[in-house]
Amino acid sequence: LTLIVALQTVPAIGTRDFWLHDEVRHADVLRHAYETGQYTVLSLNGVPYPDKPPLYFLLLGGLKALTQASDAVVVQLGSALAGLLLAWAVYALARVGAGLSREGGLAAGLAIAATPLFAVLTRTTRMDALFAACVTASQAALFAGWQRPAASRWVVLGLGLAALACLVKGPFGLALPLATSPAYLAWVG
């Protein structure tokens with residue numbers, strides 16, 4: 001799964017500059033955060049930028065510090081890594097939530113990696129793939145916790161991943177996993 005996602009994303013890293021308006025905006029927010037070291041209160045063109053939570057930019061800042069690459073390469077690498085996390089989160093959800101075999105989980109991960117939306121999310125500077133990875137991993141952990149008696153560590157992990165999703169994109173990071181849990185519990189009886 002990692003090899004397939006890498007073959008799909010790595011060749012595109014650093015092959016283009018920013019295109020979409022969100023890419024330019026997010027690159028400026030990243031540049032300012034990296035230059036000032038201020039990742040908790042983001043700014044855009046010197047003005048506070050409360051539109052997005054900070055976790056995505058903190059991840060990109062860490063990648064920039066590790067690689068010292070250009071902003072375009074850093075944000076594209078961040079999107080590729082988020083896509084990899086999403087594919088593995090889908091694998092985990094298929095294994096835990098649907099009870100599929102390793103092969104079934106792999107098929108689910110490959111199926112998500114083969115979609116056109118996945119290709120877009122892993123090649124643009126949007127936080128959506130990281131958000132989806134956190135939400136999907138949260139659901140997998142919660143479902144594992146709901147299946148096993150005394151498996152509260154899985155529930156805590158699921159809620160922690162939902163909290164991370166909130167720090168990536170906002171409150172739907174908690175709402176989505178919690179909304180699916182009653183349906184899952186009803187499904188498994």
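**Charges.** I began with the charged side chains of this predicted model. I found 12 positive and 9 negative side chains in the protein chain. The centres of the two sets lie 11 Å apart.

**Elements.** Next I went through the secondary structure. The protein chain has nine helices and two strands. I read the order from the N terminus as α-α-β-β-α-α-α-α-α-α-α.

**Overall form.** I looked up the extent of the C-alpha trace, which spans about 55 × 35 × 25 Å along its principal axes.

**Contacts and surface.** Residues 24 or more positions apart account for 66% of them. Buried residues make up 43% of the 189 residues. The protein chain exposes about 9,400 Å², and carbon and sulfur atoms supply 71% of that area.

**Cores.** The largest nonpolar core has 24 residues, and Phe57 and Leu60 touch the most other members. Helices α2 (21-36), α3 (55-67), α4 (71-97), α7 (128-147) and α8 (152-169) each supply at least two residues of this core. The largest share, five residues, comes from α7.

I followed Phe57 further. Leaving out residues up to four places away in sequence, Phe57 touches His26, Val29, Leu30, Tyr39, Leu42, Lys52 and Met127. I also noted a second, separate core of nine residues, which includes Leu86, Ala87, Val90 and Phe118.

Definitions and conventions:
Residues are numbered from 1 along each chain as its sequence is written. This is a predicted model: local features need pLDDT of at least 70, side-chain atom pairs count only at pLDDT 80 or more; totals for chains, interfaces and linings use all residues. Side-chain values use heavy atoms; hydrogens and water are left out. A nonpolar core is a set of buried Ala, Val, Leu, Ile, Met, Phe, Trp, Tyr and Cys residues joined through side-chain atoms within 4.5 Å. Buried means under 20% relative accessible area, exposed over 50%, partly exposed in between (1.4 Å probe, protein chains only). Helices (H or I, at least four residues) and strands (E, at least two) are DSSP runs, numbered from the N terminus. Contact means heavy atoms within 4.5 Å. Accessible areas come from the Shrake-Rupley method with a 1.4 Å probe; for residues, only the protein chains shown count as cover. Lys and Arg count as positive and Asp and Glu as negative; His and the chain ends are not counted. The place of a charge is taken as NZ of Lys, CZ of Arg, CG of Asp or CD of Glu.
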